[in-house]
Amino acid sequence: MNLDNLAKIDLNLLVILQILLEEESVTRAANRLHLSQSALSKSLNRLRDTLGDPLFLRTAHGLKPTAHALQLKAQLPTLLQGLYQISLPPSFTPATSHRQFSFAMLESAYETSLPYYIGPILSQAPQLNLEIYGWNEKSLLDLQQGQIDFGITARELHPTADFRLNNLPDGIAHQRLFTDNQVCLVRRDHPVFAIINADENAGSWDLETYLAMSHVQVRCEGNDWWLLDYQLAESGLHRHICATLPDFYGAASVCANSDLVLTLPSSFVPQAQKLYGLVQLPLPIDFSSLVYVLLWHERNNDEPGHKWVRETICENIEKARG
């Protein structure tokens, strides 16, 4: 495509050409366009110069298009319709849209958010194609570069956390979905219960006991340590992490088949307990909450399709957790 030549074409002249092809009369075309015949004749001469063809021949029965003009007559309606569509404001009709939207989601969000909005989205927009990928250390960059449309992940609310909510990259917008806290899971016959049951005050599940246990950890955005581990390290303490896995499902399975303690967001606990019958214990340390957030790039703030998906997600999660 030679854009230099294209830039020389006045698009208004294409509209005039279409009307002339329909009317085959300068008088009738001028009336439709609310122009004088003189002004229309000047536009026709500009068209002839631009396209290098006389376009019309005068006859006793009006203007007759040349062979070149007849070729243009077959192409112009589609071209002008495309230009007209460009001039319209963006729109999105859920019931008829065939668009594709892509998500990167933290694995725990599959159970804590996806069930609440996937049905409402597809019931209102049954032709949409939703591509869902796991959240990883590249997902924020993918959002910035437009490789994915949305992200759902958890961010820490501690003011010094690496993954805190106010430490998002430039251009990434967010909406809070819900807050959560960390808890612990162990298998039903875990040795810790002998310690707890032996204490008449049931106070033996404390930080000292927690740190004496071995742990299974879920890797967070490529990192083996969570903010909890950094917070413990500031006091010269650390957990004995025996196994690090990429997801909570795998970690819950390890927890159910070993003496390892799993620390995780409380919202994922019901799913882990349903699968493995694990027992929940509180996290025996003061620790900041985390928040699940919906992320997108601000270039899509006002794009109708993106806006509808965001609003549907937020409304239905709020309604379900209300």
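User: In which helix is Thr78 found?
Analyst: This is a predicted model, in which local features need pLDDT of at least 70, side-chain atom pairs count only at pLDDT 80 or more, and totals for chains, interfaces and linings use all residues. Residues are numbered from 1 along each chain as its sequence is written, and side-chain values use heavy atoms, with hydrogens and water left out. Helices (H or I, at least four residues) and strands (E, at least two) are DSSP runs numbered from the N terminus. The run of residues 67–87 holds Thr78, and this run is helix 5.

User: Is Thr78 buried or exposed?
Analyst: A residue is buried under 20% relative accessible area, exposed over 50% and partly exposed in between, using a 1.4 Å probe and protein chains only. Thr78 has a relative accessible area of 61%, so it is exposed.

User: How far is the C-alpha atom of Thr78 from that of Gly52?
Analyst: Along the chain, Thr78 and Gly52 are 26 residues apart.

User: Why is the protein described as more spread out than a compact globule?
Analyst: The secondary structure of the protein comes to 14 helices and 12 strands. For its 322 residues the globule rule gives 20 Å, and the radius of gyration is well over that, so the protein is more spread out than a compact globule. The radius is taken over C-alpha atoms, and the rule is 2.2 Å times the number of residues to the power 0.38. The radius of gyration of the protein is 32 Å.

User: What does the C-alpha trace span along its principal axes?
Analyst: One span is given for each principal axis. The C-alpha trace of the protein spans about 115 × 40 × 30 Å.

User: What percentage of the 322 residues is buried?
Analyst: The count is taken over the 322 residues of the protein. Buried residues make up 45%.

User: Which residues of helix 11 are buried?
Analyst: Helix 11 covers residues 227–234. What covers its buried residues includes strand 5 (150–156), helix 10 (207–212), strand 8 (214–218), strand 9 (240–245) and strand 10 (261–265). Just after helix 11, Gly236 takes a positive phi of about 75°. The buried residues of the helix are Leu227, Leu228, Asp229, Gln231 and Leu232.

User: What is the C-alpha distance between Leu295 and Ala173?
Analyst: Leu295 lies in strand 12, residues 290–297, and at 0% relative accessibility it counts as buried. With neighbours within four places in sequence set aside, its contacts (heavy atoms within 4.5 Å) include Trp135, Phe150, Leu168 and Ala173. Leu295 and Ala173 are 122 residues apart in sequence. Their C-alpha atoms are 5.7 Å apart.

User: Where is His190, and is it buried or exposed?
Analyst: His190 is found in the loop between strand 7 (182–186) and helix 9 (192–198). At 3% relative accessibility, His190 counts as buried.

User: Which residue has its backbone oxygen 2.5 Å from a polar atom of the side chain of His190?
Analyst: A polar contact is a pair of N or O atoms within 3.5 Å; within protein, one must be able to donate a hydrogen and the other to accept it, and residues adjacent in sequence count only if both atoms are side-chain atoms. The side chain of His190 reaches the backbone nitrogen of Val192 at 3.0 Å. Not counting residues up to four places away in sequence, His190 touches Met213, Asp259, Leu260 and Val261. The backbone oxygen at 2.5 Å belongs to Asp259.

User: At what distance does the side chain of Ser25 reach the backbone nitrogen of Thr27?
Analyst: Ser25 sits in the loop between helix 2 (11–23) and helix 3 (26–33). Its relative accessible area is 12%, so Ser25 is buried. Leaving aside neighbours within four places in sequence, Ser25 is in contact with Leu20 and Leu63. The side chain of Ser25 reaches the backbone nitrogen of Thr27 at 3.3 Å.

User: Is His34 buried or exposed?
Analyst: His34 is in the loop between helix 3 and helix 4 (37–51). Although His34 is not a glycine, it has a positive phi of about 60°. At 74% relative accessibility, His34 counts as exposed.

User: What is the value of phi for Leu55?
Analyst: Leu55 is found in the loop between helix 4 and strand 1 (56–59). At 0% relative accessibility, Leu55 counts as buried. Leu55 is a residue other than glycine, yet its phi is positive, near 70°.
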